[in-house]
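Here is a friendly briefing to read with the sequence and the 3D view open side by side. Please keep both at hand as you go.

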Amino acid sequence: MKDRIKQIIEREKLSSKEFANLCDIQVSNVSHLLSGRSKPSLDTIQKIMTAFPSLNTNKLGKPLIA
């Protein structure tokens, strides 16, 4: 999942802080996700999907970018 989040950040040319603000999550949460320290909660995934509605959640083995 961390690789998928990194893809989104890179594709959108965002900083971690900008990504966190767009998704309405804490910057520390993004940092933990990117480092692999934690996995996203369902709430976090929903917030990411709300901020980036073009992401594909049906193919968990594939990148989230549609």
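This is a predicted model: local features need pLDDT of at least 70, side-chain atom pairs count only at pLDDT 80 or more; totals for chains, interfaces and linings use all residues.

Residues are numbered from 1 along each chain as its sequence is written, and side-chain values use heavy atoms, with hydrogens and water left out.

**The chain as a whole**

- The chain has four helices and zero strands; helices (H or I, at least four residues) and strands (E, at least two) are DSSP runs, numbered from the N terminus.
- Read from the N terminus on, the elements run α-α-α-α.
- Of the 66 residues in the chain, 30% are buried.
- Contact means heavy atoms within 4.5 Å. Among contacts between residues at least 6 apart in sequence, 57% join residues at least 24 apart.

**Leu33, a buried residue of H3**

- Leu33 sits in helix H3 and is buried, with a relative accessible area of 3%.
- Which residues does Leu33 contact, leaving aside its neighbours within four places in sequence? They are Lys2, Ile5, Ser38, Lys39, Pro40 and Thr44.
- Leu33 and Ile5 are 28 residues apart along the chain, and their C-alpha atoms are separated by 8.1 Å.

- In H1, the buried residues are Arg4, Ile5, Ile8 and Ile9. They cover an arc of only 140° around the axis, so they lie on the same side of H1.
- An α-helix has 3.6 residues a turn, so residues three or four places apart point the same way.
- The exposed residues Asp3 and Glu10 are on the face of H1 turned away from its buried side.
- The buried residues of H1 pack against H2, H3 and helix H4 (42-51).
- Helix H1 (residues 2-11) packs with H3 at an angle of about 120°, their axes being 8 Å apart. Axes are lines fitted to C-alpha atoms, for helices over the stretch in contact, and angles run from 0 to 180 degrees between N-to-C directions.
- H1 and H3 are therefore oblique to each other; angles under 35 degrees count as roughly parallel, over 145 as roughly antiparallel, 65 to 115 as roughly perpendicular and the rest as oblique.
- In this contact, Lys2, Ile5, Lys6 and Ile9 of H1 meet Val30, Leu33, Leu34 and Ser35 of H3. By class, the contact of H1 with H3 has five nonpolar, one polar and two charged residues. Ala, Val, Leu, Ile, Met, Phe, Trp, Tyr, Cys and Pro count as nonpolar, Asp, Glu, Lys and Arg as charged, and the others, Gly among them, as polar.

**H2 and its two partners**

- Helix H2 (residues 16-23) and helix H3 (residues 27-35) have axes that come within 8 Å and cross at roughly 115°.
- Ser16, Lys17, Phe19 and Ala20 of H2 meet Val27, Val30 and Leu34 of H3. The residues of this contact divide into five nonpolar, one polar and one charged.
- The axes of H2 and H4 also come within 8 Å, crossing at roughly 95°. That makes H2 roughly perpendicular to H4.
- On the H2 side, Phe19, Leu22 and Cys23 meet Lys47, Ile48 and Ala51 of H4. This contact of H2 with H4 has five nonpolar, no polar and one charged residue.

**Positive phi in the loops**

- Most residues other than glycine have a negative phi, and most peptide bonds are trans.
- Lys13, in the loop between H1 and H2, has a positive phi of about 55° although it is not a glycine. Lys13 is exposed, with a relative accessible area of 73%.
- Asp24 lies in the loop between H2 and H3, and its phi is near 60°, a positive value in a residue other than glycine. At 56% relative accessibility, Asp24 counts as exposed.
- Just after H3, Gly36 takes a positive phi of about 85°.

How values were computed. Buried means under 20% relative accessible area, exposed over 50%, partly exposed in between (1.4 Å probe, protein chains only). The arc is that of the directions from the helix axis to the C-beta atoms.
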